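Let's walk through this one together, question by question. Have a look at the structure first.

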Amino acid sequence: MKFLSKSILVLGAVAMIACGDKKEEKEDKITIGDGASPQSQTTTKSSESGTSADEDVVEVTIEGNDQMRFNKDEIRVKAGKTVRLTLKHVGEMEKSVMGHNWVLLTQGTVINEFGQKAVQAKDNDYIPEGTDAVIAHTKMIGGGEEVTIEFEAPEAGEYEFICSFPGHYSVMKGKFIVEE
Ligand code: ZN
């Protein structure tokens with residue numbers, strides 16, 4: 001009996017230590033967080049060598065749905081950052097009927113003109129070939145899919161983003177603001 005109760009005590013102590021560790025980790029994450037999304041904190045934690053580099057990365061998530069809408073009409077980032085943008089298609093419709101991409105246009109690009117050129121670029125994911133009007137873009141995705149791209153934030157200023165699927169740019173668009 002003595003032996004048994006001892007080992008129970010030891011087990012109890014181990015369990016408590018394990019609990020304590022977990023709590024500490026959580027607290028760590030909260031202090032590192034500073035308003036960033038929980039996902040980015042996990043990424044930062046997993047690779048210590050990448051911690052300093054990750055401070056220059058801004059994570060952005062934007063969703064498109066079956067109602068032909070983005071869930072954001074404005075995205076703000078700081079100049080000089082790397083933007084890691086994830087586009088999620090939260091609908092169920094196929095790419096061929098309700099495809100979405102995320103296209104960041106250069107300043108001065110007229111959305112209507114670009115959109116009309118994009119319609120003719122079906123074979124190139126609705127991105128006009130050889131265009132100089134695109135700073136960054138994702139591929140076209142369908143319901144349930146997601147895609148992540150990384151690009152350097154352009155110089156400070158106001159830009160526009162769209163989905164270039166035929167007909168979508170009139171409502172699937174928003175401002176991409178790069179702050180000093
Ligand atoms: Zn779309």
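**Reading a predicted zinc site and its surroundings**

S164 is buried, with 0% relative accessible area; buried means under 20%, exposed over 50% and partly exposed in between, using a 1.4 Å probe and protein chains only. The model is predicted, so local features need pLDDT of at least 70 and side-chain atom pairs pLDDT 80 or more, while totals for chains, interfaces and linings use all residues. Residues are numbered from 1 along each chain as its sequence is written, and side-chain values use heavy atoms, leaving out hydrogens and water.

Q: Where is S164 found, and what does S164 touch?

A: A contact means heavy atoms within 4.5 Å. Not counting residues up to four places away in sequence, S164 touches N101, V103, F114, A118, D125, Y126, I127 and M140. S164 is found in the loop between β7 and β8; helices (H or I, at least four residues) and strands (E, at least two) are DSSP runs numbered from the N terminus.

Q: Which backbone atom lies 2.7 Å from the side chain of S164?

A: Think of polar contacts: pairs of N or O atoms within 3.5 Å, where within protein one must be able to donate a hydrogen and the other to accept it, and residues adjacent in sequence count only if both atoms are side-chain atoms. Here, the backbone oxygen of Y126 lies 2.7 Å from a polar atom of the S164 side chain.

Q: Which residues are the protein donors of the zinc ion?

A: Donors are N, O and S atoms within 2.8 Å of the metal (3.2 Å for Na, K and Ca), and with water not among the atoms, sites may look incomplete. For this zinc ion they are G99 (O), H100 (ND1), C163 (SG) and H168 (ND1), at 2.1 to 2.6 Å. G99 is in the loop between α4 (95–98) and β4 (103–105), and C163 in the loop between β7 (157–162) and β8 (173–179), so the pair ties together parts 64 residues apart in sequence.

Q: Are G99 and C163 buried or exposed?

A: G99 counts as buried at 0% relative accessibility, and C163 is buried with a relative accessible area of 0%.

Q: What about N71: where does N71 lie?

A: N71 lies in the loop between β1 (57–64) and β2 (74–78). N71 is partly exposed, with a relative accessible area of 43%. Its side chain reaches the backbone nitrogen of E63 at 2.8 Å.
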